[in-house]
Amino acid sequence: MGGSLRMVILGRQGSGKGTQSTRIAEAFGCIHVSTGDVLRAAVAEGTELGKVAAEIMESGGLVGDDIMNGIVADRLAKDDIVEHGILLDGYPRTADQADALERILAELGQSLTLAVNLDVAVAEVRARMLSRGREDDTPDAIDRRLALYEEQTAPLLDWFAQHGLLETVEGLGTETEVFDRLHETILDRLD
Ligand code: AMP
């Protein structure tokens, strides 16, 4: 299925990734997979994964690469994604996860279409997260996640740039303005 979209959305927590991902998935007919949502569901259900993830998520840390790579490998092999394509939100978050994603897709005979960096400055995302009042959004956890993002995830932008996959989209503006920018960027890549 060469026509399916297979993309990654990167951006600091609070950049609007989740909201925009829902709209992108709807517009392009691909499946939105948020690893944060997968983990939150596991915590809510009290599964083994949920038990491991709960404490880590609460402290703002990262769940281990092996666990995350296993979750994504299983999900990407499912028929719906093979057929309709994927928008990954919250993964990869480390260099090891990026390598794993490339390997997982290659094994399925697929490759990424693009990676979008939804760019919003630290001060702005911090304010947004404090105001959304999610349970794991304590000031300490927010700061830890933002620091981890700079440390581990921001270097991924270089990884994607080196692979010729990176597009940066300005994340300030109304939801629709940002979506229109994303839409155009993706369409350009699909041409
Ligand atoms: P998110 O909803 O993407 O902000 O994710 C919420 C939390 O889930 C993060 O702070 C991490 O603790 C954990 N998490 C989500 N995705 C990953 C991932 N790809 N690797 C490691 N931890 C993750």
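**Pockets, a cavity and packed helices**

Arg 40, Val 43, Ala 54, Met 57, Glu 58, Arg 134, Glu 135, Asp 136 and Thr 138 line the second largest pocket. Here a pocket is an open set of points on a 1 Å grid over the protein atoms alone, with protein on both sides within 12 Å along at least five of seven lines, and a lining residue has an atom within 4 Å of a point. What you're looking at is a predicted model, where local features need pLDDT of at least 70 and side-chain atom pairs count only at pLDDT 80 or more, while totals for chains, interfaces and linings use all residues. Residues are numbered from 1 along each chain as its sequence is written, and side-chain values use heavy atoms, with hydrogens and water left out.

Let's stay with that second largest pocket for a moment. It holds about 250 Å³ of space, a volume being the space filled by probe spheres set on grid points that are joined across faces, edges and corners. Helix 2 and helix 3 (48-59) are the elements that give two or more residues to its lining; helices (H or I, at least four residues) and strands (E, at least two) are DSSP runs, numbered from the N terminus. Helix 3 gives the most, with three residues. Sorted by class, the lining has three nonpolar, one polar and five charged residues. (Ala, Val, Leu, Ile, Met, Phe, Trp, Tyr, Cys and Pro count as nonpolar, Asp, Glu, Lys and Arg as charged, and the others, Gly among them, as polar.)

Now move to the largest pocket, with about 800 Å³ of space. Its lining takes in 40 residues, and Gln 13, Lys 17, Arg 93, Arg 132 and Arg 134 lie nearest its centre. Helix 1, strand 2 (31-34), helix 2 (35-45), helix 7 (122-132), helix 8 (139-162) and helix 9 each give two or more residues to this lining. Helix 2 gives the most here, with five residues. The lining of the largest pocket splits into ten nonpolar, 19 polar and eleven charged residues.

The structure holds one cavity of 30 Å³ or more, a cavity being a set of grid points where a 1.4 Å probe fits but cannot get out. This largest cavity has about 70 Å³ of space. Among the residues lining it are Ile 9, Leu 10, Gly 11, Tyr 149 and Thr 153. Strand 1 (5-10) and helix 8 each supply at least two lining residues. In all, the cavity's lining has five nonpolar, four polar and two charged residues.

Tyr 91 and Pro 92 are part of that cavity lining too, and the peptide bond between them is cis, with omega near 0°. To find Pro 92, look in the loop between strand 3 (85-89) and helix 6 (95-107). For context, most peptide bonds are trans.

Finally, see how the helices sit against each other. Helix 2 and helix 4 (residues 65-76) pack at about 100°, with axes 11 Å apart. Axes are lines fitted to C-alpha atoms, for helices over the stretch in contact, and angles run from 0 to 180 degrees between N-to-C directions. That angle makes helix 2 roughly perpendicular to helix 4: 65 to 115 degrees counts as roughly perpendicular, under 35 as roughly parallel, over 145 as roughly antiparallel and the rest as oblique. Thr 35, Val 38 and Leu 39 of helix 2 touch Met 68, Ile 71 and Val 72 of helix 4, where contact means heavy atoms within 4.5 Å. This contact has five nonpolar residues, one polar and no charged.

Helix 1 (residues 17-28) and helix 9 (residues 175-190) pack at about 45°, with axes 10 Å apart. That makes helix 1 oblique to helix 9. Ile 24 and Phe 28 of helix 1 and Phe 179 and Leu 182 of helix 9 are among the residues making the contact, which has nine nonpolar, four polar and two charged residues.
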